[in-house]
Every structure is written in C-alpha cells, then in structure tokens.
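My notes follow in the order I looked things up.

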Amino acid sequence: MTKEIVDVLVIGAGPSGCVSASYLHNNNVKVKVVEKTKFPRLVVGESLIPRVMDHFYEAGLFPALDAMNFEKKLGARFIRGEEICVFDFSDKFSEGWDWTWQVPRADFDNTLAQEVIRKGIDLEFESEVLAVEFNGSDSITTVKDKDGNMKEIHAKFIIDSSGYGRVLPRLLDLDTPSKLDPHSSIFTHVKDINRPEGEEGTLISFDILETEVWLWVIPFSNGNTSLGVVGPTDFINSLSTNKDNAEALKNAIQLSDYYIKRFGGVEFLFEPVKLENYSRSVKKMYGDGFSLTGNSSEFLDPVFSSGVAFATESGMLSAKLVHRQLQGEKIDWEVEFTQYMRSGIGVFTTYVKEWYTGNLQTLFFHRPENPEVKRKICAVLAGYVWDQENPFVKKHDNVIKNMAHLINLEKEQKIENPS
Ligand code: FAD
C-alpha cells in the first residue's frame, strides 16, 4: 500500500472542502483533498446567500467563480397566492455583500475544484475514504482510488467535508437525529422555454403551495431553471401513488397558480431526484485531530438557502483554527468552533421552524410592510446571523413568534370591530 504524508487531509471537494483547502494552501499548509466522485457531479443547493461571498473572496476563489457569469441573485421573492414579498439584499440591516449567485451546482462546484487544482493543491477525484484510524490527533486514512488501489494518508488533522457521505460521523458514531420535523424534496432542471423577458424570468422565487409545502424556482444564466418541491415527507410521498418522482413533481407544479403556465408543460432535463428526510445533525462537531464541516455536520432545511453558507462558514473557520493549531497555538474548539457555529445554526433553526409554523409567513405577507422589520429579517436571510446588533438575530427565540401573535390579534380585532 502506498503512503502519503500531509498536514491536513480534506475529505470531499464540495464548497466546504474547497474553501478550507484553498485557505490552508494560501497559508503554506500542505493539504490534500480526496473526492469520491468525478466532477462535474449532480448536487442540490443552487440558491446561495450573500454571506458565502465573504468566504469565496477570502479563500481566493471569487475571481474564478465571477468569470463564469452565473446568474446574479440580488434578493428573493416569496409568493403566497396573490400575495408577494420581495427581499432586496441591498436593503438590509447588517453590513455585508448585497448579492450572490444562483448556480447549477455541477458547474459551480467543478469551477471551485478546478481552481483549487490550478492553485497547485493536490485534489484527487474518484478516491473514496474507507477507514480512518486516530492515534491522538494524528490519523491514518485508508483511501481507495478508481482502479481499486489502496493508499494510506497520514495527516495531523482531518477536515471532514464529505456532505451526505458523512464519513467521520458514520465511522465514529457521531450521528444524532435532527430536531426538525421530517421533510423531503423532489427536484430537477428544465429548459425554461417559456421564460419571460426581464427580471420576472430570472427572479429566484419560493411559491407557498400550503403552509408547509413550497416550490422553488431557481433560474440559471444558461437558460435552464431548477424546480423543486419541499414539504413534510408524508405529503411529498402522497404526490405520486406509485413512487414516480416525475409524476409527483408534475402534480406539485399543478398546485402553483403562479407557475403552472410557465412550467406546466415543460420537459424535465433529468429524472427528478427525491431527497428524503434530508435534515442531519451530529453529537459533536470536532474531536482530537478532526473537525466536521458543511453537511457532514449539520443540515437544516433548504427554505432559506443557508446550506452552502454554513458549509463555507464552517470550512473557512476550521481551516483558520487548524492553521493556528499547526503553528503551536492551543485552540479552544468548543468555544471558537462549536459555540460560534451553533449560534448561527440556532438562528436559522428558529427561522426554519417559524417558517413551517406559518409565523414567519405572517410577518412576510403583513401589509403595510414595516421597512425596519424587513431590513432586519433581510440581514438574516443574507446569512449575517452573527450580528448581535440585529434584534432579529439576538432575540430570534421569540421575536418572530411575538410579532406574528400581535399581527394575528390585530386581524382578529379588525374582524370583530370592522370600523
Ligand atoms: P457537498 O457539496 O455535498 O460535498 C461533499 C463531497 O464529499 C461530495 O462531492 C461527495 O462526493 C464527497 N464525499 C462523500 N463521501 C466521501 C468519501 N467517503 N470519500 C471522499 N469523498 C466523499 N443549500 C443552499 O445553500 N441553497 C439551496 O438552495 C439548497 N437547497 C437544498 C435543497 C435540498 C432538497 C437539500 C437536501 C439541500 C439543499 N441545500 C441548499 C444544502 C446543500 O446541498 C448543502 O448544504 C451543501 O451542498 C453542502 O456542501 P458541502 O461542501 O458540505 O457538501
């Protein structure tokens, strides 16, 4: 068996792995990335939020992505029947990027990976991690390449960015059930032959079909659009009687008054993919000699497009902490990694829960709009969930619930006393 020695082994070349590998390489750390598949590969997660731009910029990956002319995402639109709520990232409470992209992930992730390789990082495709053995913080990882050859990679630290592969959570028994209710999704891409001219054609939208069920519409700059339906697993399963994903997605599109004309008759570019009970969590996010980033640690829900942002946030933070640790500094991973990540995840967890209770929808569609409330929520939706100056971050536990309660009371009073 061949043997390689590196400082840091990154498992998985998704956005999380590419950001950490790039940061470490830029700081002269010997890093290797092993990736199970051959890119480009299909993966879901096409609507980004502005916070990711900070990470791609800092990792030195922004120019390569920018050159790809992906569709710019300036905000997001939520639709409920005739009601519309549009967030504009340039009008938000917190400082930060006011745009990002909506991307076909196969191309996007391939661009990231090719840029990582161009920088001189050793990224090996079609190489799967099979086993990891720890001796203190040092580790020996067994990897199988596409020809079946095995090798050992000796590393001082492992960043596990293996997404749903969840390499270390599986091997070290770190999986734990998510606190969120079981939801599932079916998605595909279509050639958007009925795409309207102008903003309407390219605007990313979330159409609420029922309080807990929504359709995503993510137009790409290549003329294709991603369509997906999300809802409680029982509901998603009920969309087709014979487990036919294409039939299920077609039935969901029929429920959308807004999009039925545009997408009712279009052909799917690939057999729709079902992702069942997609939320994930872990008992701990780090250990002696490793950290878990991106979907390998926690995944909440697609509704606010926070997945890639958490993947790059945790990837970037891990890389910074490992770099300092390799220079001899003692790192308090509990405080600097877990507590930091959990505070951001906690904010989004509340927003996801309050979306599905309907409380957040009550705020979104309340008229007249309160511009100050909207700017604060917009900052959260842009991913700036560590800004304690924002009361919609700091008091996330009850601010949405309380405001929705007041709005509902006001509505009840109007019904009782119409004058
Ligand atoms: P990934 O991008 O999944 O990359 C992990 C890589 O690790 C893969 O390439 C895999 O092949 C590799 N790997 C796995 N096992 C091994 C192994 N044993 N050895 C070597 N390599 C391995 N997020 C958003 O930001 N916006 C959205 O709109 C959005 N929509 C979503 C919709 C649904 C229905 C779901 C379920 C998720 C959605 N997400 C979204 C979440 C998003 O898909 C993930 O959060 C994001 O892709 C995580 O990135 P990552 O780098 O952690 O993992």
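Which residue of β15 is the bridge partner of Pro219? I found Thr225 as the bridge partner of Pro219 in β15.

Ground rules before I go on. This is a predicted model; local features need pLDDT of at least 70, side-chain atom pairs count only at pLDDT 80 or more, and totals for chains, interfaces and linings use all residues. Residues are numbered from 1 along each chain as its sequence is written.

**Entry: overall form**

I counted secondary structure next. The protein has 15 helices and 19 strands. Helices (H or I, at least four residues) and strands (E, at least two) are DSSP runs, numbered from the N terminus.

I then checked the dimensions. The C-alpha trace spans about 80 × 45 × 40 Å along its principal axes. The radius of gyration is 22 Å, which agrees with the value near 22 Å for a compact globule of 419 residues. That radius is taken over C-alpha atoms, and the globule rule is 2.2 Å times the number of residues to the power 0.38.

**Entry: the sheet**

I traced an open sheet of 7 strands with mixed pairing, in the order β5-β4-β13-β14-β15-β12-β16. Two strands pair if DSSP finds at least two bridges between them. β5 (83-88) and β16 (273-275) stand at the edges; each has a single partner strand, so one side of each is left without a neighbour in the sheet. Neighbouring strands are turned by 20° against each other on average, direction ignored. The axes behind that angle are lines fitted to C-alpha atoms, for helices over the stretch in contact, and angles run from 0 to 180 degrees between N-to-C directions.

I went through the pairs one by one. β14 (residues 213-219) and β15 (residues 224-232) are antiparallel over 6 bridges. β4 (residues 75-80) and β5 are also antiparallel, over 6 bridges. Phe78 has Cys85 as its bridge partner in β5. β4 pairs with β13 (residues 205-210) in the parallel sense over 3 bridges. There, Phe78 stands opposite Phe206.

The hairpin of β4 and β5 has 2 residues between the strands, and Gly81 takes a positive phi near 60°.

Most residues other than glycine have a negative phi, and most peptide bonds are trans.

- Phe39 and Pro40 are joined by a cis peptide bond with omega of about -5°. Pro40 sits in the loop between β2 (31-34) and α2 (51-58).
- Arg367 to Pro368 is cis too, with omega near 0°. Pro368 sits in the loop between α12 (359-365) and α13 (371-381).
- Asp173 has a positive phi, near 55°. Its loop runs between α5 (167-171) and β11 (175-176).

**Entry: domains**

I noted two domains: domain 1 (2-72 + 102-177 + 281-344) and domain 2 (183-275). The bounds come from an automatic or database domain assignment. Their C-alpha centres lie 30 Å apart. The contact takes 12 residues from domain 1 and 14 residues from domain 2. Contact here puts C-beta atoms, placed from the backbone, within 7 Å. On the domain 1 side I found 6 nonpolar, 3 polar and 3 charged residues. Ala, Val, Leu, Ile, Met, Phe, Trp, Tyr, Cys and Pro count as nonpolar, Asp, Glu, Lys and Arg as charged, and the others, Gly among them, as polar.

Note on methods:
Contact = placed C-beta atoms within 7 Å.
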